[in-house]
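Take a look at the model below. The report that follows covers aromatic pairs and helix contacts.

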Amino acid sequence: MILLPSSMPIFSFPANPNLLINPPPSWPSRRGNSAVVASAASRDVDSFTSKSGYLFSLSADEADSLSEYNFPRIDGMYKKKPLILLRRLAQIGTTFGYWFGLRLADEALERSEQMFKVRAAELRKLLVELGPAYVKIAQAVSSRPDLIPPIYLDELSLLQDQITPFSSEVAFNMIEDELGLPIDELFSEISPEPVAAASLGQVYQARLRRSGKVVAVKVQRPGVRAAIALDTLILRYIAGLIKKAGRFNSDLEAVVDEWATSLFKEMDYLNEAQNGIKFRKLYGGIKDVLVPKMYTEYSTSKVLVMEWVEGQKLNEVNDLYLVEVGVYCSFNQLLEYGFYHADPHPGNFLRTYDGQLAYLDFGMMGDFRPELRDGFMEACLHLVNRDFKALAKDFVTLGLLPPTAEKSAVTKALTDVFQDAISRGVRNISFGDLLGDLGKTMYRFKFRIPPYFSLVIRSLAVLEGIAIGISPNYKVLGSTYPWIARKILTDSSPQLKSSLQNLLYEEGVFRIDRLESLLSESLRTETALVQKPVVGTDSNIAMKQMLAFTFTEQGSFVREILLRELAKGLDAYGLATLDSFTFSGSGPSTSLTEEDMTNLRTFYRLISLFSGMRKAESVSMQVKAVSKYGEALTPLDEASLVMYQLPSAQEMLPILSILPELPQESQQRLLQLPGDLVGRLVSRAFARTIRRMFL
């Protein structure tokens, strides 16, 4: 809401004092008026208000009933005003009917292309006339350049902050009425006209009289609650009719209720101030993220005063670094604390002149519960690793599928839908494409869209839309998967630990490839754009990061898995070494089991991973080559081949050279490693001896 349109000059103090006015002492005040939602005078009614279908007065009780979203109250109120309801239905029907009629006429007259831009502009104007509820819907759509034609996108983007303002006299009187003081006692200066106007309110630039701070003053549009209440009532009735007709699997009434509840909270500016304070506390410390300060002592449910921020819209500057900052911050909101910005359209992201990303407008926020956050991360993990059977279970956890759904059929359908997308690699996965591919499957298996999920999906979809506008090949999921991988590897949640354990051990066999992928992806967070890395990261730096992570407190769960597998590998290596002497001249005999061979291969992969080598596939390739052109290798031959491929002392020097560079905490844990491994090896040798004696 603080952001200025590109065509409007940026105000600064005191360089442009003529852009401000000192509030006249004789400015008329109307404090103490009764609750009236219409504009105070006909000359103050702007075109936005005059055609929105809510120019009527409410009693004090009716006005109070709209302080929050309550469908039964709204339904009861408008049942007493049937003419207003019928007028609004007629207005909506005729407005959209007229526009669609023009589009059909264009097609019939074969002039669709010539009239495309004209119809886009007409649609924007019609949405403005229909009021704030429809403007809000259009704002969400306007952030998807991959879904909306460019001409329509340009027109709908104007709805983000270029709505016709209402009278400043009405706005200043509302400020006085809400704060209980004359405007000249509140501000020493204030802009004569709003610097930006949106669907719910408009913004003035001012200077606080007491502190001299430059602030943004947001004033709510008169009657906006009544307008949105009427439209949500109509939308909810339509949702109910669709539900009864059985045309949609989701509970559309609940979705409308969730959206309307968020919208009513957005219209409570005191609630927005508290949201801004919480958002600043949680995310204001992230590098290059700016969250404006809220002045709650000057704020009410209809007036909000906050720190003034200057800059440009993020989608109007080519700054991929700040896009990455926004993506990181947004996933931090979703996965770390669960308190997220649910209305991230381009008008709410600002690039400040010192290169920071400013978040604006905290009216619509969401709360992602811990169990749902874990379920979302598990779904991403299983999707990337092509574990579609587990993904089907994740959809049940997230409430997208009923527990009675046939899991095997869903698994096959998900495999068909996602296999091609995943085969291109995690960094090339488009969130929007995944949703589009999932559409038919969702309908077939009666997928449901839980109310909470609509806000999360909208938040992510809009975010990817902004990124695509700057970089057409940008993929939100590919960019944020490293953070998801690190979160899964380090989180203390029992649910995530269990999921990681199941992922890494398939039918009891350790999947080193999956751990290697997770570690490699998680280390990309160390060189992500939000860290502004030094160019030229080499394998030594990667090894150092991997070791440092493994031997931290956060890496304890992964470290335990690695110690277990290293002990099993060393045990197998010892047996193979013994066999090479014992059976060297007696044919193919060996004491190595298939499990020992698997452990030996895993041991080689682990050593290669942490030594910076990338020859891990060479053993299996050589084995396949021998099998193809000659006799299959015996277990002893394969063991010898694996042992031959192990790094030499010289190849291990790089890893030894960086050990002194590790943090002190990591070095101390590293010193405990030999003792831990010896203990585990002794335990395995003892257990094997007992088995051979008695089994």
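Predicted model: local features only at pLDDT ≥ 70, side-chain atom pairs only at ≥ 80, totals over all residues.

Phe 71 counts as buried, at 16% relative accessibility.

The two rings form an edge-to-face aromatic pair. Their centres are 6.1 Å apart, and 70° separates the planes. Phe 71 sits in helix α3 (residues 71–79) and Tyr 237 in helix α10 (residues 224–245), so the pair ties together parts that are 166 residues apart in sequence.

## Other aromatic pairs

The structure holds 16 aromatic pairs. Ring pairs also link a cluster: Phe 279, Tyr 283, Tyr 337, Phe 349, Tyr 359 and Phe 362.

## Helices α5 and α7

Helix α5 (residues 116–130) and helix α7 (residues 150–157) have axes that come within 9 Å and cross at roughly 30°. That makes α5 roughly parallel to α7. The crossing is right-handed.

From α5, the contact takes in Phe 116, Lys 117, Arg 119, Ala 120, Ala 121, Leu 123, Arg 124 and Leu 127. They meet Ile 151, Tyr 152, Glu 155 and Leu 156 of α7. By class, the contact of α5 with α7 has eight nonpolar, four charged and no polar residues.

## Helices α20 and α21

The axes of helix α20 (residues 494–504) and helix α21 (residues 512–523) come within 8 Å and cross at roughly 130°. That makes α20 oblique to α21.

Leu 500, Leu 503 and Leu 504 of α20 make the contact with Arg 514, Leu 515 and Leu 518 of α21. Five of these residues are nonpolar, one is charged and none is polar.

Methods. Residues numbered from 1 in each chain as written. Heavy atoms only, no water. Axes fitted to C-alpha atoms, helices over the stretch in contact; angles between N-to-C directions. Helix = DSSP H or I, 4+ residues; strand = E, 2+ residues; numbered from the N terminus. Parallel < 35°, antiparallel > 145°, perpendicular 65-115°, else oblique. Left-handed = near helix turned anticlockwise from the far one by under 90°. Contact = heavy atoms within 4.5 Å. Nonpolar A, V, L, I, M, F, W, Y, C, P; charged D, E, K, R; others polar. Phe/Tyr/Trp six-rings, centres within 6.5 Å; stacked < 30°, edge-to-face > 60°. Buried < 20%, exposed > 50% of the residue type's maximum accessible area, 1.4 Å probe, protein only.
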